[in-house]
Structure formats: structure tokens, C-alpha cells
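Please read it beside the sequence and the structure.

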Amino acid sequence: MRTNAMLILFLFIALPGLHAQPLNDSVFAAAKLQQPRLQDAASGKLRKLTPLAAPQLMQLYIFLSPECPLCQNYAQVLNKLHQQYGNAVQFYGIVPGKTYSAATVTAFARKYVIRFPLLIDQAKQLTNYLQASITPEVILLNSRYELVYKGAIDNRMKSLGVQRWKATENYLQDAISQYLQPAAVAVKRTRATGCLINDF
């Protein structure tokens with residue numbers, strides 16, 4: 001009995017591939033990012049994410065819900081960032097799940113004058129792969145698909161229902177500008193506050 005127990009312990013230590021590995025949310029695979037078929041809200045057609053263009057150094061995934069008040073409130077901030085950094089950063093708005101039709105998402109984009117593409121991730125393949133759980137939540141990757149920043153857009157929200165008059169820390173903007181300098185990104189992760197991404 002003791003011999004069997006020792007053998008099991010040896011296998012557990014010597015063969016780490018036999019037990020579950022922790023999820024890696026620091027480096028992503030380009031092939032997996034481009035695998036999910038997403039619905040373009042503007043055209044209604046299915047599309048895949050395209051590789052980074054030559055001048056663009058980063059991809060930004062912004063998880064949004066048309067009915068989430070915070071997503072609505074942050075539309076202006078995101079539009080300004082897109083205007084400022086759109087040449088260097090590929091912006092994607094991702095609407096997870098099957099709750100919202102293309103018409104609803106397009107109406108949201110029109111009302112808040114959103115300039116970047118809004119894509120519906122009906123099967124939540126991309127959402128799950130990037131391990132997003134909140135709207136709004138942002139995930140910024142570099143051209144090697146390594147994590148540059150993940151979390152809240154800024155620190156305006158202290159907690160649900162409690163917010164500052166004005167943000168004092170602009171996490172996403174700082175991460176983009178620091179990476180482009182280039183400089184070390186001071187804050188790589190924060191906790192996003194908002195609406196939980198649903199299961200349908």
C-alpha cells in the first residue's frame with residue numbers, strides 16, 4: 001500500500017502535465033483570438049478579428065453592454081481615446097452573449113456616437129478566452145498578444161453605485177501612453193466595476 005502511495009506521489013511531482021494548469025491570462029495565442037466568429041453589429045455579417053496592421057502596436061478589447069449605465073457613461077471617454085490612439089491601437093467593442101440583437105447594438109453605437117467596431121460574441125468564445133467578466137472591462141494586448149493592461153478604464157467608480165466626481169487615475173490611457181513611449185506600464189491590472197457578464 002505504501003509503495004503504491006509513493007508511486008502516485010512520484011507521478012504527481014514528476015509529471016506536472018497530468019494535473020490541471022492554472023489559466024494563463026498574460027499571454028494569448030493569435031490563432032485562438034482569431035478563431036471565434038463574431039457578428040459585426042453594423043453589417044450583421046459574421047467576421048473574425050484581423051491581425052494587427054503594420055502601424056498598430058496594440059489591440060484593445062472593450063467589453064460592453066448596451067443597457068449597462070456605466071458603458072453608456074464611458075462612451076465619451078472611449079471615443080476620445082479612440083480619436084487619440086486609433087492609429088496605434090486597434091479598438092474592438094465586444095458585446096458578449098445572445099441578449100442583444102445587432103439592431104440594439106447598432107442603436108447603442110449610434111446614440112453614443114461610438115466610432116470603433118462593435119462585435120457581438122454570441123457564443124462568448126472570445127469573452128471566455130480573454131477571461132472577461134464585467135462590462136465595462138478592457139483588455140489591452142501588444143503585438144505579441146501579451147497582456148499590457150486589464151481592468152477598469154479609470155478609477156471614477158469606487159464601487160457599484162459609488163463614484164468620484166472625476167477620475168484621478170486614468171489606468172487605460174496611462175497604459176497606452178506608457179507602452180508607446182516606450183516605458184514600463186506602472187499599473188497592469190485593476191478590478192473592473194460594473195455589470196456582470198451574463199451566461200446567455
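Contact here means heavy atoms within 4.5 Å, and helices (H or I, at least four residues) and strands (E, at least two) are DSSP runs numbered from the N terminus. The model is a predicted one, in which local features need pLDDT of at least 70 and side-chain atom pairs count only at pLDDT 80 or more, while totals for chains, interfaces and linings use all residues. Residues are numbered from 1 along each chain as its sequence is written, and side-chain values use heavy atoms, with hydrogens and water left out.

An open sheet of mixed pairing is formed by 7 strands in the order S2-S1-S5-S4-S3-S7-S8, two strands being counted as paired if DSSP finds at least two bridges between them. Its edges are strand S2 (46–47) and strand S8 (147–151), each of which pairs on one side only. The two pairings of S3 are set out in the table.

| Strand pair | Sense | Bridges | An example of facing residues |
|---|---|---|---|
| S3 (residues 58–63) and S4 (residues 89–96) | parallel | 6 bridges | leucine 60 and phenylalanine 91 |
| S3 and S7 (residues 137–142) | antiparallel | 6 bridges | tyrosine 61 and isoleucine 139 |

In S3, 6 of its 6 residues are buried, where buried means under 20% relative accessible area, exposed over 50% and partly exposed in between (1.4 Å probe, protein chains only). Both faces of this strand are covered, with Met58, Leu60 and Ile62 on one side and Gln59, Tyr61 and Phe63 on the other. Helix H7 has Tyr171, Leu172, Ala175, Ile176 and Gln178 as its buried residues, and what covers them includes S3, H4, S4, S7 and S8.

**Nonpolar cores**

A nonpolar core is a set of buried Ala, Val, Leu, Ile, Met, Phe, Trp, Tyr and Cys residues joined through side-chain atoms within 4.5 Å. The largest has 38 residues, of which Val89, Leu118 and Leu140 touch the most other members. Leaving aside neighbours within four places in sequence, leucine 140 has contacts that include Met58, Leu60 and Val89, as well as Leu172, Ala175 and Ile176.

**The largest pocket**

A pocket is, on a 1 Å grid over the protein atoms alone, an open set of points where a 1.4 Å probe fits, with protein on both sides within 12 Å along at least five of seven lines, and its lining residues have an atom within 4 Å of a point. The largest pocket holds about 310 Å³ of space, the volume being that filled by probe spheres set on the points, which are joined across faces, edges and corners. Of its 14 lining residues, Val77, Lys80, Asp154, Arg156 and Asn170 lie nearest its centre. Helix H4 (75–85) and helix H7 (171–180) each supply at least two residues of this lining, and H4 gives the most, with 5 residues.

**Serine 133**

Serine 133 lies in the loop between helix H6 (125–129) and strand S6 (134–135). With a relative accessible area of 37%, serine 133 is partly exposed. Beyond its neighbours within four places in sequence, serine 133 is in contact with Cys195, Leu196 and Ile197. Serine 133 and leucine 196 are 63 residues apart in sequence, yet 6.0 Å apart in space, C-alpha to C-alpha.
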